[in-house]
Amino acid sequence: MTDGSDRPTAPSLLAGPASVPASGDRRRYPAPAHLRFFHGPMDCGKSTLALQVDHNQRRPGRHGLLLTQGDRSSAPQISSRVGLSQAAVEVDAGTDLRQLVRDRWADGLRVDYLIVDEAQFLTAGQVDQLADLVDDWHVDVYAFGLTTDFRAQLFPGTQRLLEVSDDVQRVQVEVLCWCGLPGLLNARVVDGVMVRSGETVVVADTAPAEPPGTVDGSSSPAVRYQVLCRRHYVRGQLGPTPAGPGQLTLP
C-alpha cells in the first residue's frame, strides 16, 4: 500500500473494529470466544470469582449478562458468602439460553459475555446452547458450578461442561474438612445426620457443625451441607468422636 508517492504506508487502523463489536457486527468481525468452566466443592469461592470476572470484563467497556439458578439467597442474584452480590437473571431447565441472548440483542442491548453461576443445574442441552453462543455468535461464556452432588456423582450440567468446555479449571481456594484435610465432597446433612439418598437438587447453605444436643425447633427437617474429605465422606463422619480423632474409647 502506498500514499501516491511510492512510499509504503502502515496498514489502516480502520480495517477492524476499534472496540468490542456490537451484536450486529459479530459475524462481520468475528473475535475468538471461549467457554470456560470453573468448578469445585461448596465454600471454595465460585460465586466470588464469578463476580470478580464480571467486574474485570466490564472495566474495558464490555457488556455482560449474569445468569443464575437456585442461588442460596433464593433471590435472582449471584451472592457470595463473603458479602458480595449482583442482580442476575434467574433461569430454569426450560430456558433457551440462545434465545435469551438474542432477545437482548433484538432490544438493542449488547451481550459480549455471559456469567453463569450454579452451572451444575444446567441441562446438557443448555450447556450445548452455551457452546453454540461461543462458536456461532462469539459470546464469551464463564460458567461456575459444583463438581459433584451429595452422592459424590457429577451433576449432568457439570459432566457436559467438563466434556465440551475450552478451558476447565478447579477453583484454587482450598476448603478444609473438619479434620484439616482438603475438603472435596459435599455431604447433605438432614437433622444432623448425613444422608446419601433423596432429590438431587435441594437448595440449602453450609453451616458449622451443630453441637451435640442442638434442637432445631422447626417442624420441617433442617437441611444443610458440609464439605468433607474423601475419608470422612465415606465414613459419614461429620466431626470428631467424643474421644477425639485417632484415639480409642476406653471402657
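Colleague: What makes phenylalanine 121 buried or exposed?
Modeller: Buried means under 20% relative accessible area, exposed over 50%, and partly exposed in between, using a 1.4 Å probe and protein chains only. Phenylalanine 121 has a relative accessible area of 18%, so it counts as buried. Before we go on: this is a predicted model, where local features need pLDDT of at least 70 and side-chain atom pairs count only at pLDDT 80 or more, while totals for chains, interfaces and linings use all residues. Residues are numbered from 1 along each chain as its sequence is written, and side-chain values use heavy atoms, with hydrogens and water left out.

Colleague: How many aromatic pairs are there by your rule?
Modeller: Rings of Phe, Tyr and Trp (its six-membered ring) pair if their centres lie within 6.5 Å; planes under 30 degrees apart are stacked, over 60 edge-to-face, and the rest tilted. The count by this rule is three aromatic pairs. One of them joins tryptophan 105 and tryptophan 137, with centres 5.5 Å apart and 50° between the planes, which is tilted. Tryptophan 105 belongs to helix H2 (residues 97-106) and tryptophan 137 to helix H3 (residues 124-137), 32 residues apart, and the pair links distant parts of the chain. Helices (H or I, at least four residues) and strands (E, at least two) are DSSP runs, numbered from the N terminus.

Colleague: What kind of pair do phenylalanine 121 and phenylalanine 155 form?
Modeller: An edge-to-face one, with 5.8 Å centre to centre and 85° between the planes. Phenylalanine 121 is in the loop between strand E6 (113-116) and H3, and phenylalanine 155 in the loop between strand E7 (140-146) and helix H4 (156-164), so the pair ties together parts 34 residues apart in sequence. Phenylalanine 155 is buried too, at 5% relative accessibility.

Colleague: Where does arginine 188 lie?
Modeller: Over the face of phenylalanine 150, 3.7 Å from the ring centre. A charge sits over a ring if NZ of Lys or CZ of Arg is within 6 Å of the ring centre and within 35 degrees of the ring normal. Arginine 196 likewise lies over the face of tyrosine 233, at 5.0 Å from the ring centre.

Colleague: What is the strand order in the open sheet of six strands?
Modeller: The order is E5-E2-E6-E7-E1-E8, with parallel pairing. Two strands pair if DSSP finds at least two bridges between them. E1 and E7 have six bridges, and E6 and E7 have four, so both counts meet that rule.

Colleague: Which are the edge strands?
Modeller: Strand E5 (89-90) and strand E8 (167-170), as each pairs on one side only.

Colleague: And why is E7 called largely enclosed?
Modeller: Seven of its seven residues are buried, so E7 is largely enclosed by the rest of the structure.
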